[in-house]
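Keep the 3D view open as you read.

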Amino acid sequence: MDSLIRTENVTKIYNPRKPDEVRALESATLNIDKGEVVVLKGPSGSGKTTLLSLIGCMGRPTSGRIVVDGRDIAKLPERFLTLIRRRTFGFIFQQFNLIRNVSVLENILLPLYPVDISFADMRLRGEKILEDLNIRDRMNTKVNKLSGGEQQRVAIARALINGPEIIIADEPTAHLDRKLSTDLLRILQDLNVSGKTVVIATHDPFVYDHPFIKRIVEMRDGRIQDIRLT
Amino acid sequence: MRKHKFFLGFTFLELLLLSTLFLYSRSTVSVLNRDEVPAKRELVRYLKLTDLSLWTEARYTRHPSQADIFTPFQDFPSSLEHFPAGSIIGPESIVLQTAITPGRP
Amino acid sequence: MRHLKILEYALSSLLRRKYRNISLIAVYALTIAILASVLFLTYSLKLEASHILIDTPDLIVQRLSAGRHDLIPMEYVKTISEIPGVGSAVPRYWGYYYDSLSHSNYTLIGIDGDIPGLSLLEGRMPSAPRECVIGAGVGSMRIVGTGDTLALINSMNTGVVFHITGTFRSVSNILTNDLIVMSSKDLVQFFDLPAGRATDIAVTIHNPNEVATIAGKIRTAHSDTRPITKSEILRTYDAVFNWRSGIMLTIFSSALIAFCILAWDKATGISAEEKHEIGILKAIGWDTADILELKFWEGIVISLTSFLLGLIAAYIHVFFLNATILSPVIKGWSVLFPAFRLTPYIDIYQIFVLAFLTVTPYVASTIIPSWKTAITDPENVMRS
């Protein structure tokens, strides 16, 4: 079966040939199938965030191939890369990265602004997702007035608004307490059950020891050390 | 999600107001050209006027077209400009004028 | 639809810093209002002058003595009349009168012969000795009108009483505000001008193309004369109301410098918060073109709104409020500055140039600092 995401000897070097050159990722080869839940596990500086961002079409590798849903993204022009990123991926960032002083609804609708759908349809979609995540009543509240758990759900709602196939989460439990972490993992599990592929970068054992994780990719010093099924 | 409608509507109103003002200008100008300007020209013609009656503080500010280069310095050659109107009247045309010679406009 | 939505987001973004942006629009609009007011005022006055002074005499011949304007001998009238191409040469009698009562200067003009009823005159022209017609400014200074008397002190320090037979209508103030018109004989007597001398000579010429030639001939015939052509008179007013000179230039450039400081402040970089926001937008699916369009809208909303508001304010200020704010600048020390309504002449070309000079740099200074961030890969957001 063709993998949904395939990386072949992917290397990423930041600031090449400069004094502050950083080899963040070295010859990473990885396949991720549709519907899988994969964790990129490793300490800070292991290259997991870099690999995650490359898989998510947030940047291009210095060398190697990345194939997402049959397309080699390394060669695509920026506009197409953005299109794939918008349609295929939903991102949950470590610090949520919500726009402060903006309402919940406006934050979650951000990915839909550059898309050709009407204001009315946009709003309907947003309200539905907020309803599903139980924060519809906070729709018009500015995000900086929300609790940590509510912000987390807004971040998830924003990641889901475009109906992506793949959810990318970078250290999603880094700033959460145990209860909120449990809630988050339950939501991700529900998303996986509904057919979404989930890729998480983390060094939190609460995440990678969770039963719904199917595969763990061990990383250290920019290299994949081990890939094992749970 | 109404802000764009408000902005576009407001901008449209501003443009409409400006267009109205400009159209008003055009119609006022043509009315004045028809009514007032010929009457003012009549005055200029019969009274042989050469200047507008704007700044009456000095001879060269009242009749700048008739003033020679020396008039602003009439008190003394190094006399500085002391009438505010003198700073509105640029010296260009007077200073740049050379003696009239035959054939030169 | 996409463009409207990005505009919607741009407006939300601007409203997040509501007070700052409203202040920015206010200052920007004020700057444009000042610039536009100067342009409207000077253009209006310039065109007014060019339209009404078109009937000024073809040539005015002055006599100079030691570089100063002196009275001209009547013999010159005959010599000038005999030059081929000259239609007529008529002496002009006029002078200045300082009124110590009102501390204002009047211009006295002497006329000869019959002048038909002028449409801008209420009453009639003087037809008998010691009669005069006055401008509205003189009337309001001395609180007199048609039918009243006007007492002036002549060169022998004697009071002379004139009977006012007419007053120029206020719509002609721009020409007649400080005028007192009397017969030439009365004026010569009043100023005690020497016999056989006039103030200058007004010359009409059959063929306008020959003005310069005839002016040259006059100078050749009388080397102490200074002929002033009609085109020179009109050019004077082009220069007078030119915004590129004098105090108008000072006002104009002060406003322009204020605007440049505003634009420079914007252009010197975007804040960390703005950079972060652009990074987030890129990460969630906005591409470079979308970000730049967002910045374009932000720039246009501020600059276009300010430009239009400034222009409307300038128009109302100049053409409905008679340039009240600028008028102390243009009035100078004139006690007798005419109260006139400016004709709303508009130069569309100037408006477009003003729009280009004010809107374009502001939009550019909004887009350009964001450019570098907009083209950066969003993975930096993941790394922040």
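## The sheet in chain A

Start with chain A, where four strands make an open sheet in the order β2-β1-β4-β5, with antiparallel pairing. Two strands count as paired if DSSP finds at least two bridges between them. Helices (H or I, at least four residues) and strands (E, at least two) are themselves DSSP runs, numbered from the N terminus. At the edges sit β2 (22-32) and β5 (71-72) of chain A, each pairing on one side only.

Strand β4 (residues 63-68) of chain A runs antiparallel to β5(A), and two bridges join them. In that pairing, A:V68 stands opposite A:R71 of β5(A). Helix α1 (residues 48-55) of chain A lies across β1 (5-14), β2 and β4 of chain A, at about 120° to β1(A). That angle is between N-to-C directions and can run from 0 to 180 degrees, with axes fitted as lines to C-alpha atoms, for helices over the stretch in contact.

## Ground rules

This is a predicted model: local features need pLDDT of at least 70 and side-chain atom pairs count only at pLDDT 80 or more, while totals for chains, interfaces and linings use all residues. Residues are numbered from 1 along each chain as its sequence is written, and chains are lettered from A and ligands numbered from 1 in the order in which they are written.

Chain A has seven helices and 10 strands. Its radius of gyration is 18 Å, close to the 17 Å that the globule rule gives for 230 residues, so chain A is as compact as a globular protein of that length. (The radius is taken over C-alpha atoms, and the rule is 2.2 Å times the number of residues to the power 0.38.) The C-alpha atoms fill a box of roughly 50 × 40 × 40 Å along the principal axes. Of the 230 residues in chain A, 45% are buried, meaning that 20 or more other C-beta atoms lie within 10 Å of the residue's own; exposed means 12 or fewer, partly exposed is in between, and C-beta atoms are placed from the backbone.

Chain C has 14 helices and 13 strands. Its radius of gyration is 30 Å, whereas a compact globule of 384 residues would come out near 21 Å. The C-alpha trace of chain C spans about 100 × 50 × 40 Å along its principal axes, and 47% of its 384 residues count as buried. Chain B has four helices and zero strands, and 33% of its 105 residues are buried.

## Where chains C and B meet

How many residues does each chain bring to the contact? Chain C gives 80 residues and chain B gives 58 residues; residues are in contact if their C-beta atoms, placed from the backbone, lie within 7 Å. The chain C side has 47 nonpolar, 24 polar and nine charged residues. Here Ala, Val, Leu, Ile, Met, Phe, Trp, Tyr, Cys and Pro count as nonpolar, Asp, Glu, Lys and Arg as charged, and the others, Gly among them, as polar.

Strand β12 (residues 200-205) of chain C is mostly covered, with five of its six residues buried. Strand β1 (residues 59-65) of chain C joins β12(C) through three antiparallel bridges, and C:L59 stands opposite C:V203 there. β4(C) also pairs with β12(C) in the antiparallel sense, over six bridges; in β12(C), C:T204 is the bridge partner of C:S88.

In helix α6 (residues 184-191) of chain C, the residues C:D186, C:L187 and C:F190 are buried. Seen down the axis of α6(C), its buried residues fall within an arc of 95°, so they line one face of the helix; the arc is that of the directions from the helix axis to the C-beta atoms. Their cover includes β4 (86-99), β5 (104-111), β9 and β10 (179-183) of chain C. After α6(C) comes C:D192, whose phi is positive, near 55°.

## A look at C:N154

Is C:N154 buried or partly exposed? C:N154 counts as partly exposed because it has 14 C-beta neighbours inside 10 Å. C:N154 lies in the loop between β8 (149-153) and β9 (159-168) of chain C. Leaving out residues up to four places away in sequence, C:N154 touches C:V160 and C:F190.

Definitions and conventions: Contact = placed C-beta atoms within 7 Å.
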